[in-house]
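Please read the following note with the model open beside it.

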Amino acid sequence: MSMVRSISLFNTLARKVEPVAGASDQIRIYTCGPTVYNFAHIGNLRTFLFQDLMKRTLRAAGRNVRHCMNITDVEDKIIRDSQKDLPADATNEQRHGAMSTLTVRYTQAFLEDLETLRIQRPDVMPRATDHIPHMIRLVKDLEAKGLAYAREGSVYYRIAAFPDYGALAHLDKEGMRQGASEGASGDADEYERDAASDFVLWKAVKDGEPWWDSPWGPGRPGWHIECSAMGIEHLGEHVDIHTGGVDLIFPHHENEIAQSEGCLGHRWVDAWVHGEFLMVEGEKMSKSLGNFFTLRDLIEKGVDPIAFRFAMQSNHYRKLYNFSFEGLKAAENALKRIRAFRRRMEDEGAPAGQGEWKEALDPRQRLAQAREEYWAAMGDDLNTPEALAALFTLISDLNAHDDRVALGREERDEVLAFLDETDSIFAAWPKETGSLDAQVEALIEARKAAKTAKDWPEADRLRHAIQALGIVLEDRKDGSVGWRRA
Ligand code: AMP
Ligand code: ZN
């Protein structure tokens, strides 16, 4: 399995599917991480699941990956929510304290979500507030190069001085506004395409906000400069793949390019790869529309988080996905089929040579074919629907074959190796003994601890989490808790 396979991805900048560059022996991936002012909703998690799929596919294809995902822990919405209960005369220390209390809590919740969904932890997860000096350095550099200018304690990017501005989002240059005073986007981090204009890099302090010292007076960074600073600091002057949801193409990623390339003087990112939205009844799932679920909501409804993972990953990442509980049910059923097949391959099966079948196939050849089809599809812009179709066809063919002419132990082991290979990406049909046991035991222990600590909501949450794994708890006479599969 040490063979290196070619993987292509759709590059938003080039507007076509391109092979992932192989210049270095390490693929450096930057992901715009969560804004930690609340729980992530499952739309956000769809994007993080697509990134996990991409990263695991590259690793399974024999590539070496270094992944950096930032934590956005200073930003408009975080400030709004963290400062609202503070008195008007609160000190800057108190303001920072309130902000960090909020962001530490939701960073923790986010890490738990990653774990529940088996999303591999990025290699580095820098926090924006740990990189203020890096951001200030970048802004000073842009100012020195004539790409930025200060106005009343804030600093703005001069988009007219960066000829490539708009290349990623394919903006029409004519409509762009220049100059902070006319700039429709003003000091906002988020705005629409038709408001493309000079954007804010550093924001002068306003009443009721935490601040840092800077060459332009007290203030705080704009959102876009955060990712440029952390990306360059942790991945360097060349990034192979930069990812996020499609809503980040403009203005966030467009602005990141202007900042980073303006500073470095050369191309910064090879491939920009964007995942499509999770929708609810035709609308984007979002906090502001209020049409969202968190992962905790799903678990409370008895949904297996891995069925949610599979529902997201078995659909193509560049297609809209309409969320529904029926969709999750279908994913759960598909998983049951793969898991049952896995158990069948683990068992010895009927004695070989029990039956005759005139259309008998050659299981090894069939397996090799499925494996080729699977990798061809995964390599073609992560075409999971096709890759999984190859797996399901293999399952029906081998089930039918095994009914008539039992597969031998060696053949079964080769099939199991392929199931491991596919599971190293989908993380949804692992070998059951051991891994599930350990997971359930750990949850039972955590629930016991929560009960001892009288943390009833947590104990409840864990009970639901155990249920969602399809496990029935059994109270034993000696006070210990056993379990069995439902
Ligand atoms: P945020 O925490 O708001 O910065 O968003 C984290 C990630 O979730 C970003 O990459 C967004 O593009 C992505 N995102 C936001 N809403 C959705 C959605 N409905 N479906 C898929 N991804 C989303
Ligand atoms: Zn970003």
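1. In this predicted model, helix H9 (residues 325-346) packs against helix H12 (residues 409-426) at an angle of about 145 degrees, and their axes are 9 Å apart. Axes are lines fitted to C-alpha atoms, for helices over the stretch in contact, and angles run from 0 to 180 degrees between N-to-C directions. Helices are DSSP runs (H or I, at least four residues), as are strands (E, at least two), both numbered from the N terminus.

2. Which residues make the contact between H9 and H12? From H9 they are Ile 338, Phe 341, Arg 342, Arg 344, Met 345 and Glu 346, and from H12 they are Arg 409, Arg 412, Val 415, Leu 416, Leu 419 and Asp 420. Contact means heavy atoms within 4.5 Å. These residues divide into 6 nonpolar, no polar and 6 charged; Ala, Val, Leu, Ile, Met, Phe, Trp, Tyr, Cys and Pro count as nonpolar, Asp, Glu, Lys and Arg as charged, and the others, Gly among them, as polar.

3. Lys 55, in helix H1 (residues 42-60), is buried yet has no salt bridge. Buried means under 20% relative accessible area, exposed over 50%, and partly exposed in between (1.4 Å probe, protein chains only). A salt bridge is a side-chain nitrogen of Lys or Arg within 4 Å of a carboxyl oxygen of Asp or Glu. The nearest side chain of opposite charge is that of Asp 52, 4.9 Å away; Lys and Arg count as positive and Asp and Glu as negative, while His and the chain ends are not counted. Apart from neighbours within four places in sequence, Lys 55 touches Val 65, His 67, Gln 120, Arg 121 and Pro 122.

4. Backbone geometry deserves a separate check. Most residues other than glycine have a negative phi, and most peptide bonds are trans. Phe 250 and Pro 251 are joined by a cis peptide bond, with omega about -5 degrees; Pro 251 belongs to helix H6 (residues 249-264).

5. Arg 15 has a positive phi, near 60 degrees. This residue lies in the loop between strands S1 (8-11) and S2 (16-19) and counts as exposed at 54% relative accessibility. Glu 152 also has a positive phi, of about 45 degrees; its loop runs between strands S5 (148-151) and S6 (154-157), and Glu 152 is exposed at 81%.

6. On conventions, residues are numbered from 1 along each chain as its sequence is written, and chains are lettered from A and ligands numbered from 1 in the order in which they are written. Local features need pLDDT of at least 70, side-chain atom pairs count only at pLDDT 80 or more, totals for chains, interfaces and linings use all residues, and side-chain values use heavy atoms, with hydrogens and water left out.
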